[in-house]
Every structure is written in structure tokens, then in C-alpha cells.
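Have the view ready, then work through the topics in turn.

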Amino acid sequence: MSKLGLLSILAAGILFGFGLSYATMIQPEVVLSFLRLEDFGLAWVMGGGALVTLIAYQYMPRLLRRPLFAPTFDRHSATLDRKTLGGAAIFGIGWGISGVCPGPAIAGLGAGNWPMLISLLGMFLGALAQGLWIGRKKTLATASA
Amino acid sequence: MIETLFPLGIAHYLLGGLCIGAGVSWLYYSTGLIGGMSSVFTSTWSFVIDLPFFQQSRFVNSRNWRLVYAAGLILGALIWMLSFGEPFRTSVSWWQLGLGGFVAGFGARQSGGCTSGHGICGLGSLQLPSLAAVLTFLTTAIVTATLVQLIGGV
């Protein structure tokens with residue numbers, strides 16, 4: 001990736017982090033109030049974000065030959081299987097315990113919300129455990145095959 | 001009705017959401033990359049862990065830009081604090097933050113996406129699996145958050 005490309009990735013992250021903060025998503029209390037059905041505002045955050053993204057993902061590849069600083073537009077891919085849905089169920093349990101999901105765990109640091117460091121550390125360890133677990137399952141499968 | 005569903009109003013939620021969408025769209029426009037937030041938690045381990053799982057090309061090739069993207073996230077929140085906001089400390093207890101973070105990190109990586117990966121990028125791609133993932137994690141999160149409150153969590 002060129003320097004300009006990396007700078008524009010930084011700019012994208014800044015917009016994302018600013019939006020998360022402006023929408024008060026870096027306050028776990030607000031997220032928990034949504035999950036306890038006291039304030040449905042989070043639906044507007046996800047809806048607004050997804051709508052803008054939908055327009056970009058649908059039209060940019062049709063209207064532009066290539067991105068500004070890269071050769072091709074990627075495609076989002078997800079498969080409907082037990083891993084995706086089981087993982088989502090587990091993710092929701094964690095999100096419901098803390099009110100913190102990956103974006104806010106990172107962005108919260110910029111706003112001086114230091115306790116979020118605990119969540120951030122937890123997420124790194126959770127992702128590590130997932131990688132070790134999947135890696136081990138694959139090794140066992142290869143060994144028995 | 002509106003006041004009951006949205007006691008704090010909707011303007012800041014919607015504007016913040018549009019801004020998040022603008023960030024994800026700018027990332028796509030300038031680099032063609034799909035920018036969910038949970039992959040960085042796996043790809044960063046590839047710097048230090050030599051196991052085949054972490055050394056997959058999708059992690060090694062994306063680990064640098066994902067860290068830059070994450071740094072932008074922190075900067076964006078800092079700019080917000082200096083312009084509109086004030087420092088905010090959560091009062092959610094440490095066991096909730098730590099345990100919740102661990103479980104959410106494990107689950108998001110197992111699922112291949114989180115609130116941004118499935119919720120914003122996946123729905124924005126009209127991906128049915130992502131819609132199913134969103135409905136699944138909303139359900140378990142609502143049940144869990146309610147139970148945690150019952151046992152005395154924040």
C-alpha cells in the first residue's frame with residue numbers, strides 16, 4: 001500500500017472513530033441501555049452506517065474502474081454455517097456482558113476512557129484463544145485423516 | 001412514542017452512524033478494502049505467533065493497514081473529545097469489561113465479523129449470512145444484558 005493509501009486508511013479510521021464517539025457508542029452504558037430495550041438509538045447508528053455503506057458498496061464498483069490507490073474493489077464474503085452463527089451467538093453474549101464491541105474498545109482509548117483497556121486486552125486474548133482453538137482442531141483433523 | 005423509544009433523541013445517533021458509514025465508504029472508495037473492526041485482533045498476533053493459523057496470508061497481508069485503521073479510530077475519538085465531548089469513564093465493572101471483552105473477541109473471530117463487520121459492512125453488502133449473524137448476536141446480547149442486570153451488573 002502506498003503512503004497516500006495508508007493516509008487515506010487513517011482518515012477512514014478517523015471518520016469511523018469520530019462517528020462512534022459522536023453517537024456515544026464508546027459509552028458501554030448507552031449500549032447496555034439499548035440491549036435492555038430502554039433506548040433504541042443504536043438502531044439508528046447501525047442503520048445509518050449500513051445505509052451509507054450499502055450505497056458505496058453497490059455503486060462504487062459500477063461507476064469507477066478502480067479505487068483511488070489500489071487496483072481492485074474487494075467483496076465482502078460470509079457463509080451461512082454453524083461457525084458464523086455460533087460465533088455470532090458467542091459474540092452477543094460477550095457484548096451483552098460488557099456493552100463493548102471491537103470498534104468502541106479501540107476508539108474508547110482516544111477519549112480517555114481507560115477502563116476500556118480491560119476490554120481491549122480481553123478481546124486480544126479472546127481472538128488469540130479462538131485462533132489457537134481453530135488451529136488445534138485443524139491439526140487434529142489432519143492427523144486423523 | 002418517539003420519546004419513549006428514544007429518550008435522548010435520535011440526531012446524534014443518526015449523525016454518528018452516517019459518519020461511521022462515511023468512514024467505511026471512504027476506505028472502500030480509496031483502497032477497495034472492506035473495513036470491519038474485529039480482524040485486527042487476530043491479524044496483529046501474526047507479528048509474534050508463528051503458528052500456521054496466524055500466518056495465513058489474509059492476516060499477514062492485512063496486519064499493517066488494520067493497525068493504521070485502528071490508530072485512526074483512536075485519533076477520531078480524540079478529535080471528538082477535543083471538539084465536542086468531554087472525557088468519559090465508564091462505570092461498568094472490571095469483570096464485565098474483561099470477561100465480556102474475552103467472550104466477544106472469541107465470538108467475533110469465530111463468526112468472522114462483529115457489529116461493524118456483519119452489522120455495517122455485511123448488511124451494506126446485502127449478505128444474508130451477515131443478516132442472520134446480526135439477528136443472532138442481537139438476540140443473545142439482549143438476553144445476556146438483561147440477565148447481567150438481574151444479577152447486579154451495571
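In this predicted model, take the contacts in chain A between residues at least 6 apart in sequence: 48% of them join residues at least 24 apart. Chain A has six helices and zero strands. Chain B meets chain A in a contact that takes 109 residues from chain B and 106 residues from chain A.

**Chain A as a whole**

- Along the sequence, the pattern of chain A reads α-α-α-α-α-α.
- Along the principal axes, the C-alpha atoms of chain A fill a box of roughly 50 × 45 × 30 Å.
- Of the 145 residues in chain A, 53% are buried.

**Where chain B touches chain A**

- How many residues does each chain give to the contact? Chain B gives 109 residues and chain A gives 106 residues.
- On the chain B side, the elements that give two or more residues are α2 (11-31), α3 (40-43), α5 (63-83), α6 (94-111), α7 (117-124) and α8 (128-150) of chain B.
- α2(B) gives the most to this side, with 20 residues.
- By class, the side of chain B that touches chain A has 66 nonpolar residues, 41 polar residues and two charged residues.

- The axes of α3(A) and α7(B) are 7 Å apart, and the two helices pack at an angle of about 35 degrees.
- α3(A) passes α7(B) in a right-handed crossing.
- From α3(A), the contact uses Met46(A), Gly49(A), Ala50(A), Thr53(A), Leu54(A) and Tyr57(A).
- From α7(B), it uses Gly119(B), Ile120(B), Cys121(B), Leu123(B) and Gly124(B).
- By class, the contact of α3(A) with α7(B) has seven nonpolar, four polar and no charged residues.

**A helix pair within chain B: α7(B) and α8(B)**

- α7(B) also packs with α8(B), at an angle of about 150 degrees and with the axes 8 Å apart.
- Are α7(B) and α8(B) roughly parallel or roughly antiparallel? Angles over 145 degrees count as roughly antiparallel, and α7(B) and α8(B) are therefore roughly antiparallel to each other.
- α7(B) passes α8(B) in a left-handed crossing.
- His118(B), Gly119(B), Gly122(B) and Leu123(B) are the α7(B) residues that meet α8(B).
- In α8(B), their partners are Ser130(B), Leu131(B), Ala133(B) and Val134(B).
- By class, the contact of α7(B) with α8(B) has four nonpolar, four polar and no charged residues.

**Two leucines with positive phi**

- Leu37(A) is not a glycine, yet its phi is positive, at about 60 degrees.
- Leu37(A) sits in the loop between α2 (28-35) and α3 (42-63) of chain A.
- Leu37(A) counts as exposed because it has 11 C-beta neighbours inside 10 Å, and the cut-off for exposed is 12 or fewer.
- Leu126(B) is not a glycine either, and its phi is positive, at about 55 degrees.
- Where is Leu126(B) found? Leu126(B) lies in the loop between α7 and α8 of chain B.
- Leu126(B) has 13 C-beta neighbours inside 10 Å, so Leu126(B) counts as partly exposed.

Notes
Residues are numbered from 1 along each chain as its sequence is written. Chains are lettered from A and ligands numbered from 1 in the order in which they are written. This is a predicted model: local features need pLDDT of at least 70, side-chain atom pairs count only at pLDDT 80 or more; totals for chains, interfaces and linings use all residues. Two residues are in contact if their C-beta atoms, placed from the backbone, lie within 7 Å. Helices (H or I, at least four residues) and strands (E, at least two) are DSSP runs, numbered from the N terminus. Ala, Val, Leu, Ile, Met, Phe, Trp, Tyr, Cys and Pro count as nonpolar, Asp, Glu, Lys and Arg as charged, and the others, Gly among them, as polar. A residue is buried if 20 or more other C-beta atoms lie within 10 Å of its own, exposed if 12 or fewer, and partly exposed in between; C-beta atoms are placed from the backbone. Axes are lines fitted to C-alpha atoms, for helices over the stretch in contact, and angles run from 0 to 180 degrees between N-to-C directions. Angles under 35 degrees count as roughly parallel, over 145 as roughly antiparallel, 65 to 115 as roughly perpendicular and the rest as oblique. A crossing is left-handed if the near helix is turned anticlockwise from the far one by less than a right angle, and right-handed if clockwise.
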